[in-house]
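This report describes selected features of one protein chain. Please keep the sequence and the three-dimensional view at hand while reading.

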Amino acid sequence: MPAASILIKPASANCNIDCTYCFYKCLSSNREQYSLGFMKDDILEKLVIRAFEYADYHVTFAFQGGEPTLAGLPFFRRVLELQQKYNTKGIAVENTIQTNGLLIDREWAQFLAENHILAGVSLDGPKKLHDRYRRDAKGAPTFDRVMQTISLFHEYRVDYNILSVITAETCEKASYLYHFYQRNQFSYVQLIPCMDERGRNTGMDGASDFRVTPEKYGKFLCELFDLWYDDFMQSQNVNTQAYGQQPMDIRMFSNLAQMAAGYPAEECGMNGHCTCYFVVEGDGSVYPCDFYCLDAWKLGTVENSFGDMIRSDRALEFIEESHPVAARCRSCAYYTLCRGGCRRWREGADGGVSLNALCPAYEMFFAHTEKRIQELGKIILRRYGAYRK
């Protein structure tokens, strides 16, 4: 059996803030049940048992939501107890959590640090950008509370990264965002273009005001890459200790460099097709992908073995449906780097295959950066050697 990657939603779609653009809130509204409940101890125990049955050498437990911290710190202490109890094969275990940060206090920070749990913090940039859409249930802004959590993470030396949703407004402020990251010494950043889940099968017309457009998103990526690339190349040409800190790792750019070197992308959606992983909802239901936690794609529950579910006709159908791409896509000069993008954004309104909704953005971006991306690939090969399939 391979390594196992399990994304767990211990609080289902429940959350203590009400982000205007939340995709999971919209997706869950299209299920028979919006919330599948808070995960009970028997479900959690069965999940941990199934994970160690399936994996041979490595297993990742990634907790997301909704907001996973709503499950409470005792829940996560119990997770570690069960992992220790059932990891009889001595498998390497990694725990991560994606959080909005509002419930993190000193006890939480100490727990995360002591147990080497990587925390992803949702932060959309400086106060004005972040508070535009990320407000709590009462409509109050959340930026200051998130930054307080980040301060705690520094104090307790919690490993963390930043996840930012890029909205139409953010697209106009690439330099502003980049220098905000720099000032706060964020070492790892993941960017997610803001798409309108409600209209993802209806094209770009009538899109919500937060949704990025291809033209604006393409310009944003170009400007951000220019800033990042200059910093990265400067760090290669000077003594890094004298220079200070290494430039931040921007996930998309790092993955493109890996692909240029002949390595597969680490980021889901950049390899051109789906790989079925396990998303476990609060009631123990299992789905193949975070974007497809829908009744129609339910693979089973934690009562079933993960091996049986990943070999099931439903899982194979899910993977197979991700393979077709538009003919224009395959003939594109940038196909080896783009590969059509995430299947979620190239499903046509009629259920057929379409171009990625942000295709013009990526064409603009690759035309602007391709030579430099290839140079980054060469740097990787010089540093680590040729790729061996």
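## A loop residue with positive phi

His116 is found in the loop between helix α4 (106-114) and strand β4; helices (H or I, at least four residues) and strands (E, at least two) are DSSP runs, numbered from the N terminus. The model is a predicted one, in which local features need pLDDT of at least 70 and side-chain atom pairs count only at pLDDT 80 or more, while totals for chains, interfaces and linings use all residues. Residues are numbered from 1 along each chain as its sequence is written, and side-chain values use heavy atoms, with hydrogens and water left out.

His116 has a positive phi of about 55° although it is not a glycine. His116 is also exposed, with a relative accessible area of 66%; buried means under 20% relative accessible area, exposed over 50%, and partly exposed in between (1.4 Å probe, protein chains only).

## Other backbone features

Arg339, likewise not a glycine, has a positive phi of about 60°. Arg339 lies in the loop between α14 (335-338) and α15 (359-384) and is partly exposed, at 22% relative accessible area.

A cis peptide bond, with omega of about 10°, joins Gly65 and Gly66. Gly66 belongs to the loop between β2 and α3. As background, most residues other than glycine have a negative phi, and most peptide bonds are trans.

## The sheet

Ten strands form an open sheet with mixed pairing, in the order β7-β6-β5-β4-β3-β2-β1-β8-β9-β10; two strands pair if DSSP finds at least two bridges between them. Because β7 (249-250) and β10 (300-301) stand at the edges with a single partner strand each, one side of each is left without a neighbour in the sheet.

Strands β3 (residues 92-99) and β4 (residues 118-122) pair in the parallel sense over four bridges. Within this pairing, Ile97 has Ala119 in β4 as its bridge partner.

## The nonpolar cores

A nonpolar core is a set of buried Ala, Val, Leu, Ile, Met, Phe, Trp, Tyr and Cys residues joined through side-chain atoms within 4.5 Å. The largest one has 106 residues, and those touching the most other members are Ile6, Leu112, Tyr217, Phe220, Trp228 and Phe365. Helix α8 (residues 214-237) gives the most to this core, with ten residues. A second, separate core of 14 residues includes Ala13, Tyr277, Tyr287 and Tyr292.
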